[in-house]
Every structure is written in C-alpha cells, then in structure tokens.
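My entries follow in the order in which I looked.

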Amino acid sequence: GKYVKEDGSLIEDSQTAYGITLAMNLLPDHHKQQGADRLAQLLRKNGNRLNTGFLGVRHLLPELARYGHEKLAYGLLMETGYPSWGYEVVNGATSIWERWNSYTIENGFMDPEMNSFSHYSYGSVAEWMFSDVAGIDSLTPGYKHIEIKPLIKSAPFTGISAHHKSIRGMVKSQWGKKGRDIHLNITIPTNSTAEVFVPASSVNTVSESGGAAANARGVKFKKMEGEYAVFEVGGGDYKFVSADAID
C-alpha cells in the first residue's frame with residue numbers, strides 16, 4: 001500500500017506514527033499486532049526510551065498495553081533517564097512540562113517564550129494511569145456501564161489506589177499484591193453496572209468478601225478471558241482476592 005508495507009510496518013517508521021495509526025484503527029486487522037510489535041522494537045532500539053511529542057505521546061502507552069507490551073509501557077512510565085516523565089520528577093517537577101528538555105542538567109532552562117512548566121499534552125499519561133494502571137474506564141457514556149481492568153501482574157510496584165468522581169457517583173479501584181495473591185477492592189455507583197477483570201487462572205481461585213466470587217451477592221461470573229476471570233457487578237463495594245495469581 002501507499003503507507004503500509006507488506007510486513008505491517010509503516011513508510012513513516014516512527015513511534016508517533018505507530019501510536020496514532022493503532023489508536024485511530026487505521027491499520028488492517030492482520031497488520032495491527034505487527035504494527036504494535038514494530039513500535040515496541042523502535043522503543044527498544046532507542047534504549048527503551050520514548051521519542052514522541054505532543055501528538056504521539058498520548059497514544060504510546062495505551063497502544064503498547066492493548067497489544068501485549070504491558071511491561072514495556074510500565075518501563076516507560078517508570079523511566080527516570082532523559083527523556084521521560086520520571087526525568088522531570090527527579091529534577092524537581094511537580095507538574096508536567098511543555099518540553100522533554102524544558103530543563104536539563106547539561107543546558108539548564110529552555111527559552112522562556114515557549115517553556116511552560118505546567119502543560120497538558122505530555123501529562124496525558126495520567127489518562128493511562130487511570131484507565132490501565134487503576135483500570136477505571138467507561139464502556140458507555142456517563143459511566144452507566146463501567147470496566148474495571150487493571151494491569152496488575154506486569155506492574156513494577158505492589159499496589160495503587162485511584163478514584164474518579166463520575167456523574168453517577170464515585171468509582172474506586174484499589175489493588176495490591178500480597179505474596180502470590182492479588183487483592184482488588186472496588187466501588188461502583190448505585191445506578192451503574194461494571195465488568196470486573198480479575199487476574200486469575202480459574203474462577204475457583206477468586207473470592208469476594210471472603211466467599212466464592214461466583215456465588216457472591218451482586219456478583220455474576222461471566223467468563224474466563226485470557227488471564228482474567230470476568231465478573232458483572234452492580235452498584236456497591238466489592239473485595240476480590242485472587243489466590244496464586246502472581247507467577
């Protein structure tokens with residue numbers, strides 16, 4: 001094709017091009033995984049460092065995670081070398097900069113005419129932290145039907161807690177790794193329902209509030225999907241534990 005080669009790579013062979021193309025569903029289905037794999041390859045060739053700007057950065061981590069490169073996405077999130085979000089943090093940032101090099105140890109501050117130290121675009125990584133790290137996402141408008149699907153097993157830390165005040169009420173997701181077990185505590189608003197993805201090898205290893213999850217009040221087991229047991233729940237507070245879920 002004009003823009004896509006036979007192996008699924010793009011004529012414009014850049015991190016931004018793959019992120020945007022995958023996010024906007026522009027690649028043919030049989031090339032999508034190849035495109036995501038090429039994106040991962042470019043990142044590794046760049047020393048596991050991002051090389052995206054305003055337009056590409058928002059899509060980088062979501063598309064890596066969507067196509068099975070969760071560990072690489074987490075590696076980018078936690079990186080502290082230049083350029084990275086962590087580089088800003090270790091150099092005193094309390095909000096996200098306009099440029100990756102708004103300040104560098106070698107060169108100091110960039111031109112103040114275009115050098116905001118509180119800027120949205122690179123801060124779009126926070127959306128991924130809610131939707132994939134905490135796993136809070138809306139399947140229908142207005143959080144009527146919610147998805148809770150956190151990336152727990154590949155996370156390089158032991159737990160997180162997040163909440164979102166939706167128009168229907170508070171949505172919470174808190175998870176932790178304890179030994180080989182995963183604990184996932186969630187809150188769903190009264191007028192909403194949610195699909196909850198709990199990492200598990202079997203529904204039989206998942207409990208909710210101390211009893212078998214499949215028999216728990218307000219909880220309906222739907223299916224096993226990949227490495228997840230999927231449950232449907234209504235409004236309320238739920239405490240899931242998945243035994244022996246950590247390899």
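Entry 1, aromatic pairs. I note at the outset that this is a predicted model. I listed the aromatic pairs and found 14 in the structure. I looked up Trp85 and Trp100 in that list: their ring centres are 5.6 Å apart and their planes stand at 80 degrees. Planes over 60 degrees apart count as edge-to-face, so I filed the pair under that heading. I then checked where the two residues sit. Trp85 belongs to helix H5 (residues 85-90), and Trp100 to the loop between H5 and strand S1 (103-104). The pair therefore ties together parts that are 15 residues apart in sequence. I also looked up burial, and both Trp85 and Trp100 are buried.

Trp97 is in the loop between H5 and S1, and Phe117 is in the loop between strand S2 (108-109) and H6. I noted the separation as 20 residues, a link between distant parts of the chain. For burial I used the cut-off of under 20% relative accessible area. Trp97 has 2% relative accessibility and therefore counts as buried. Phe117, at 29%, counts as partly exposed.

I asked which residues form one aromatic cluster. I found Phe54, Trp85, Trp100 and Tyr122 in it.

I took the axes of helix H4 (residues 70-78) and helix H6 (residues 125-133), which come within 12 Å and cross at roughly 135 degrees. I recorded the two as oblique to each other. The crossing in which H4 passes H6 is left-handed. I then listed the contact residues. From H4, Ala73, Tyr74 and Leu77 take part, and they meet Val125, Trp128, Met129 and Val133 of H6. I sorted the residues of this contact by class and got seven nonpolar, no polar and no charged.

I looked up which residues of helix H1 (residues 15-23) are buried. I wrote down Gln15, Ala17, Tyr18, Gly19, Thr21 and Leu22. I then asked what covers the buried residues of H1. The cover includes helix H2 (29-45) and helix H3 (57-66). Last, I checked the backbone after the helix: Asn25 follows H1 and has a positive phi, near 60 degrees.

How values were computed:
Residues numbered from 1 in each chain as written. Predicted model: local features only at pLDDT ≥ 70, side-chain atom pairs only at ≥ 80, totals over all residues. Heavy atoms only, no water. Axes fitted to C-alpha atoms, helices over the stretch in contact; angles between N-to-C directions. Helix = DSSP H or I, 4+ residues; strand = E, 2+ residues; numbered from the N terminus. Parallel < 35°, antiparallel > 145°, perpendicular 65-115°, else oblique. Left-handed = near helix turned anticlockwise from the far one by under 90°. Contact = heavy atoms within 4.5 Å. Nonpolar A, V, L, I, M, F, W, Y, C, P; charged D, E, K, R; others polar. Phe/Tyr/Trp six-rings, centres within 6.5 Å; stacked < 30°, edge-to-face > 60°. Buried < 20%, exposed > 50% of the residue type's maximum accessible area, 1.4 Å probe, protein only.
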